[in-house]
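Here is a short note for a colleague who is new to reading structures. Please keep the sequence and the 3D view open while going through the points.

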Amino acid sequence: MYIIENYSSILFLSIIIIILLNGELIISIFLPNFVEAVPILYIMIFIPYFIGISQPYSWLLVAGKKQKINARVNSFVSILIIILMFYFIPRELLFFQALGLGVIGYALAQTIPWIFWAFLCRYYINKTLNIKYQITMILQFFLAILTIIITFFIKNFLNGIFLQNKILLLILSSLIAMGIFIGVLIIFKELKREDLSFFIEILKLKSYTESVKKEFTR
């Protein structure tokens, strides 16, 4: 469970870093008609992160025969999404004043409940099965923030050089961000040699093609 959580955290934080740094650049290159949707992307990109690092805890509740608790937590999240959508999106609901945030309200209503889900899964795992959750996830999150801050200043410098070549700017800033993130993870001992080997192995296309061939030759 801890291994899955750790790898999911690193993977999804890497995606978050690239999106927060280059989201507008990515949309302007590949989907120029949807540039206005970038703020929504900046908010909802956190949903896969909270689900990815918390799903093992949810699975363990089921495996530990705590299905009722797991169902209650999931139901709470679903109900909270609906409530927040009613409150965040319209300006007025019947006779009550709402926030009127529109599409931004929709993005927030979809994202916030998953933060609660992440905390509740860990709380009930600790309470019912006496399994501690990893504090190291908080460190990785702050290292991701540090990476974004450092890369942001580097990207501002690169903007003046590669202003006319958006694709090259996207590639360079993404590679620099990943290099810095991997570097700080190694410095703080959040990423070890065997972890790097594991990620490299995942990225090898050859292993997937061999697996497919084995399936068809059975």
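1. A residue counts as buried when its relative accessible area is under 20%, as exposed when that area is over 50%, and as partly exposed in between. The model discussed here is predicted. Ile-125 has a relative accessible area of 0%, so it is buried under this cut-off.

2. Ile-125 belongs to helix α5. Leaving aside residues up to four places away in sequence, the contacts of Ile-125 are Tyr-57, Leu-60, Leu-61, Asn-130 and Ile-131. How far apart in space are Ile-125 and Ile-115, C-alpha to C-alpha? The distance is 16 Å, for a separation of ten residues in sequence.

3. The largest nonpolar core has 35 residues. Ile-17, Trp-114 and Phe-181 are the members that touch the most other members. Which elements give two or more residues to this core? They are α1 (2–30), α3 (46–63), α4, α5, α6 (136–161) and α7 (166–187).

4. Trp-114 deserves a separate look. Again leaving aside residues up to four places away in sequence, Trp-114 touches Ile-47, Phe-50, Ile-51, Val-77 and Ile-81.

5. How many aromatic pairs does a search of the whole structure find? The search finds seven. Among them is the pair of Phe-76 and Phe-116, with 6.4 Å centre to centre and 80 degrees between the planes. Planes over 60 degrees apart count as edge-to-face, so this pair is edge-to-face.

6. The pair of Phe-76 and Phe-116 links distant parts of the chain, as the two residues are 40 residues apart. Phe-76 lies in helix α4 (residues 67–88), and Phe-116 lies in helix α5 (residues 103–129).

7. Tyr-87 and Phe-88 form another aromatic pair, with 5.9 Å centre to centre and 45 degrees between the planes. Tyr-87 is partly exposed, with a relative accessible area of 41%, whereas Phe-88 is buried, with a relative accessible area of 11%.

Note on methods:
Residues are numbered from 1 along each chain as its sequence is written. This is a predicted model: local features need pLDDT of at least 70, side-chain atom pairs count only at pLDDT 80 or more; totals for chains, interfaces and linings use all residues. Side-chain values use heavy atoms; hydrogens and water are left out. Rings of Phe, Tyr and Trp (its six-membered ring) pair if their centres lie within 6.5 Å; planes under 30 degrees apart count as stacked, over 60 as edge-to-face and the rest as tilted. Helices (H or I, at least four residues) and strands (E, at least two) are DSSP runs, numbered from the N terminus. Buried means under 20% relative accessible area, exposed over 50%, partly exposed in between (1.4 Å probe, protein chains only). A nonpolar core is a set of buried Ala, Val, Leu, Ile, Met, Phe, Trp, Tyr and Cys residues joined through side-chain atoms within 4.5 Å. Contact means heavy atoms within 4.5 Å.
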